[in-house]
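Here is a short briefing to read alongside the sequence and the coordinates. Have both open as you go through the topics below.

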Amino acid sequence: MAKATDGDTAPVPQRLLAAATRLFAEQGYDRTSVQEIVEAAGVTKGALYHYFGSKEDLLQEVYARVLRLQQERLDAFADADAPVEQRLRDAAADVVVTTIENLDDASIFFRSMHHLSPEKNKQVRVERRRYHERFRALVEEGQRSGVFSTATPADLIVDYHFGSVHHLSTWYRPDGPLSQQQVADHLADLLLRALRP
């Protein structure tokens, strides 16, 4: 078994998640064994099962950690003391940037979520729905106050934006012509243009 180097001082759960993320991205979830994950992390199977009940739990956590980060940031934007248009734009751009920063995690999850048990799949959907509902509440706040048009239902606006976000892994390239912030700004601006009265 590969041993962790002295310089690898990251906590065991982080090492396991990093190894799983890399291997799932390179080989696919279904073609990655628990043994490969623990060897890459420099730990034992016992350590993996101490922190994660199964390989499926690792897959769920790969996405859940990104979603937790995004929820925390969205809550901060939504609660900020700023006009609703600015809060929505900040949130819309942030979800693009944080998705690009965690592109492997997002692409692994959307490619492999069918491997999750119905119960785990439901848990993830509940958390994602919570995020989308908070985002939609910003759209609705702007529509109620007359800042945004009510011509398009808020649900459709949210689906439009997140459809773009969920497909970033199919086309975004770090060495492409646009930086992650430029992509985020363009998509946020498109969203706000769609909402103008």
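How many helices and how many strands does the chain have? This predicted model has 10 helices and zero strands. From the N terminus on, then, the order of elements reads α-α-α-α-α-α-α-α-α-α.

**The chain as a whole**

- Along the principal axes, a box of roughly 60 × 40 × 30 Å holds the C-alpha atoms of the chain.
- The chain has 197 residues, and 45% of them are buried.

**The cavity**

- Rolling a probe the size of a water molecule over the atoms is a way to see where empty space is left.
- Searching the whole structure turns up one cavity of 30 Å³ or more, and the volume of this largest cavity is about 150 Å³.
- Its lining is made of 18 residues, and those nearest the centre of the cavity are Tyr63, Gln70, Thr99, Val165 and His166.
- Two or more lining residues come from each of α4 (55-79), α5 (84-101), α6 (103-112), α7 (118-144), α8 (154-166) and α9 (168-171).
- By residue class, the cavity lining splits into 11 nonpolar, six polar and one charged.

**The pocket**

- The largest pocket has a volume of about 160 Å³.
- Lining this pocket are Gln60, Tyr63, Ala64, Leu67, Arg68, Gln71, Gln123, Val124, Glu127 and Arg130.
- The pocket lining comprises four nonpolar, three polar and three charged residues.

**Helix packing**

- Two packed helices can be described by the angle between their axes and the distance between those axes.
- For α7 and α8, the packing angle is about 130° and the axes are 9 Å apart.
- At that angle, α7 and α8 are therefore oblique to each other, and their crossing is right-handed.
- For α5 and α7, the axes come within 9 Å and cross at roughly 150°.
- Angles over 145 degrees count as roughly antiparallel, so α5 and α7 fall into that class.
- The crossing of α5 and α7 is left-handed.

**Two residues in the loop between α9 and α10**

- Is Tyr172 buried or exposed? Tyr172 sits in the loop between α9 and α10, and it counts as buried because its relative accessibility is 5%, where the cut-off for buried is under 20%.
- Tyr172 and Val183 are 11 residues apart along the chain, with 8.8 Å between their C-alpha atoms.
- Gly176 is also found in the loop between α9 and α10 (180-195).
- The relative accessibility of Gly176 is 29%, so this residue counts as partly exposed.
- How far apart in space are Gly176 and Tyr63? From C-alpha to C-alpha the separation is 25 Å, and in sequence the two residues are 113 residues apart.

Key: Residues numbered from 1 in each chain as written. Predicted model: local features only at pLDDT ≥ 70, side-chain atom pairs only at ≥ 80, totals over all residues. Heavy atoms only, no water. 1 Å grid on protein atoms, 1.4 Å probe; cavity = no way out; pocket = protein on both sides within 12 Å on 5 of 7 lines; lining within 4 Å. Points joined across faces, edges and corners; volume = space filled by probe spheres on them. Helix = DSSP H or I, 4+ residues; strand = E, 2+ residues; numbered from the N terminus. Nonpolar A, V, L, I, M, F, W, Y, C, P; charged D, E, K, R; others polar. Buried < 20%, exposed > 50% of the residue type's maximum accessible area, 1.4 Å probe, protein only. Axes fitted to C-alpha atoms, helices over the stretch in contact; angles between N-to-C directions. Parallel < 35°, antiparallel > 145°, perpendicular 65-115°, else oblique. Left-handed = near helix turned anticlockwise from the far one by under 90°.
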